[in-house]
Amino acid sequence: MLYQLYEAQRSLIEPFADLAEAAAKLYGNPHSMAGQLPMAHRVSAAYALMHRLGKDYEKPEFGIRKIDVEGVEVAIDERVELDKPFCELRRFKRFSDDPATLDKLKGQPAVLIVAPLSGHYATLLRDTVRTMLEGHKVYITDWKNARMVPLSEGEFHLDDYVNYVQEFIRYVQKTYGNCHIVSVCQPTVPVLAAISLMASRGEKTPLTMTMMGGPIDARKSPTAVNNLATTKSLEWFQNNVIFRVPPNYPGAGRRVYPGFLQHTGFIAMNPDRHAKSHYDFFKDLVKGDESNAESHRKFYDEYNAVLDMDADYYLETIQAVFQEFELVKGTMEMRSPSGKLEPVRPQDITASALLTIEGELDDISGSGQTKAAHDLCTGIDGREQRHLEVKGAGHYGIFSGRRWREVVYPQVKAFIAQHQDAEEKNGQPAPVAASNSKPAAVAENAAPARVARAQRATRAAPAKSVQPAKSAAPAKTVATRRKAA
């Protein structure tokens with residue numbers, strides 16, 4: 001019922017938000033009669049703020065149309081390479097008609113960025129993508145809003161997340177011979193699990209794993225996020241934050257952790273900071289400081305755009321990562337698409353180098369949580385393991401903004417380049433350039449990709465699994481269902 005009430009409230013407020021936007025333009029136009037009234041600029045600013053507070057924020061675009069590569073403008077074509085029910089694998093394909101630049105682009109490493117599925121869209125990593133495009137072939141996981149996924153597509157579990165990551169790795173490997181993987185925040189755990197399973201089966205694993213600000217061991221330096229998960233039972237989460245999608249969306253009836261509840265949690269972590277930011281926006285508009293006002297708009301257009309997460313995935317993550325710490329305790333198991341339960345053994349990884357990155361002031365993934373991956377990956381030579389702590393950086397600062405571009409990215413780039421060069425010197429297969437008949441520009445792709453819609457892993461889930469959780473359910477209900485499915 002809470003979801004329906006929220007939708008009713010949003011529908012009621014939206015017309016007034018649109019009206020406020022029109023009023024802001026009216027009072028802000030010096031050529032209109034209203035714009036010539038006393039205090040018109042202040043009234044315009046107030047209406048603009050009212051519009052921002054009441055409007056509905058939809059999924060933003062990456063909007064990366066071109067980048068600069070050593071003084072040469074390179075065009076970017078964003079495309080979907082694989083389309084799964086709950087995720088799209090996106091590629092940012094680079095084009096140039098400069099022969100020297102094209103040769104340089106062809107020889108650069110392929111990187112798979114695994115974006116978080118924890119409330120915000122993958123566009124939160126726009127700065128990460130834009131920066132890495134200067135020196136890499138870039139792919140990213142673009143997770144879908146669960147309320148837009150019909151019930152006919154089935155449920156989405158933590159196992160499915162891990163299986164998606166493995167499929168995406170294999171896809172990039174097939175195109176380029178191998179790849180590098182970068183996981184930011186939440187996906188550090190499922191990415192490490194995915195690569196561990198591949199290593200245990202004897203599959204080729206990525207050349208490098210870069211893990212940034214994630215809860216590998218959420219017991220270390222617990223933050224407000226960790227404390228909430230440990231002080232509340234799984235039953236509490238089932239009964240208080242899980243709701244069904246209303247009938248006005250394609251995913252009607254799906255059990256989800258709604259985006260609006262997540263957004264409320266984000267704001268509640270730093271309410272004073274957000275209040276000050278909005279007041280500063282109002283003052284900037286009054287002063288006519290359009291540059292700072294636009295920065296505010298861009299940040300909150302992204303920050304306020306949130307998605308719903310499938311309930312099974314969310315509850316299993318809470319239990320496995322933040323309550324039972326299965327990965328670090330060695331008890332984590334994942335179900336493969338064929339239905340086989342497999343133990344997750346990070347110690348089996350031997351052919352992937354590991355770089356962990358933490359922000360000194362991170363208030364989401366505390367100090368030592370990401371670094372804990374080194375204690376688990378005992379099969380990796382110590383010389384192939386590195387850790388970076390970014391002084392003065394918070395959670396977002398390690399993958400976005402000045403510190404990311406000036407401090408973090410140069411080290412990530414060097415780490416990837418070192419192991420890419422080492423593989424090529426060892427005689428591993430290098431990408432073969434594909435011909436392209438485009439007259440205006442040439443693609444930086446190596447081998448031509450066979451893009452096929454991947455078949456979704458079948459799951460024999462019982463019909464009752466889509467029913468509302470019972471309030472008296474024991475704490476292990478979710479994990480039991482996942483492992484028995």
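## The model and its confidence

This is a predicted model, in which local features need pLDDT of at least 70 and side-chain atom pairs count only at pLDDT 80 or more, while totals for chains, interfaces and linings use all residues. Residues are numbered from 1 along each chain as its sequence is written, and side-chain values use heavy atoms, with hydrogens and water left out.

pLDDT is the predictor's confidence in each residue, from 0 to 100. The chain has a mean pLDDT of 87, with 88% of its residues at 70 or more. Over residues 429–442, however, the pLDDT is below 50, and this stretch has 21 contacts in the model beyond near neighbours in sequence; a contact means heavy atoms within 4.5 Å. Residues 446–485 also stay under 50 in pLDDT, and the model has 86 contacts for them beyond four places in sequence.

## Overall make-up

You will find 16 helices and 15 strands in the chain. Both are DSSP runs numbered from the N terminus: helices are H or I with at least four residues, and strands are E with at least two.

Of the 485 residues in the chain, 53% are buried. Here buried means under 20% relative accessible area, exposed over 50%, and partly exposed in between, using a 1.4 Å probe and protein chains only. Among the contacts with a separation of 6 or more, 78% are between residues 24 or more positions apart.

Strand 3 (residues 87–96) is mostly covered, with ten of its ten residues buried. In a regular strand the side chains alternate between the two faces of the sheet. For strand 3, both faces are covered: Cys87, Leu89, Arg91, Lys93 and Phe95 are buried on one side, and Glu88, Arg90, Phe92, Arg94 and Ser96 are buried on the other.

Two strands pair if DSSP finds at least two bridges between them. Strand 2 (residues 72–83) runs antiparallel to strand 3 and is joined to it by eight bridges. A hairpin links strand 2 to strand 3 through three residues, and Val80 has Arg90 in strand 3 as its bridge partner. Strand 3 is also joined to strand 5 (residues 137–143) by six bridges, again antiparallel, with Arg91 standing opposite Tyr139 in strand 5.

Elsewhere, an open sheet of three strands has the order 8-9-10 with antiparallel pairing. Its edge strands are strand 8 (243–244) and strand 10 (309–310), each pairing on one side only. Two bridges join strand 8 to strand 9 (residues 255–257), and Phe243 has Val256 in strand 9 as its bridge partner.

Rolling a probe the size of a water molecule over the atoms shows where empty space is left. On a 1 Å grid over the protein atoms alone, a pocket is an open set of points where a 1.4 Å probe fits, with protein on both sides within 12 Å along at least five of seven lines, and lining residues have an atom within 4 Å of a point. Grid points are joined across faces, edges and corners, and a volume is the space filled by probe spheres set on the points.

The largest pocket holds about 1,100 Å³ of space. Its lining has 37 residues, and the closest to its centre are Leu124, Phe299, Tyr303, Tyr396 and Ser400. The elements giving two or more residues to this lining are helix 4 (126–132), helix 9 (259–269), helix 10 (271–287), helix 11 (290–303) and helix 15 (402–425). Helix 11 has the largest share, nine residues. By class, the lining of the largest pocket has twelve nonpolar, twelve polar and 13 charged residues. Ala, Val, Leu, Ile, Met, Phe, Trp, Tyr, Cys and Pro count as nonpolar, Asp, Glu, Lys and Arg as charged, and the others, Gly among them, as polar.

The second largest pocket holds about 900 Å³. Ser118, Val225, Tyr257, Phe266 and Tyr314 lie nearest its centre, among 36 lining residues. Helix 9 gives the most to this lining, with seven residues. The lining of the second largest pocket divides into 27 nonpolar, nine polar and no charged residues.

## Two positive phi angles

Met39 has a phi near 65°, a positive value in a residue other than glycine. Met39 sits in the loop between helix 1 (2–28) and helix 2 (40–54), and is exposed, with a relative accessible area of 55%.

Cys185 also has a positive phi, near 70°. Cys185 lies in the loop between strand 6 (180–184) and helix 6 (188–200), and counts as buried at 12% relative accessibility.
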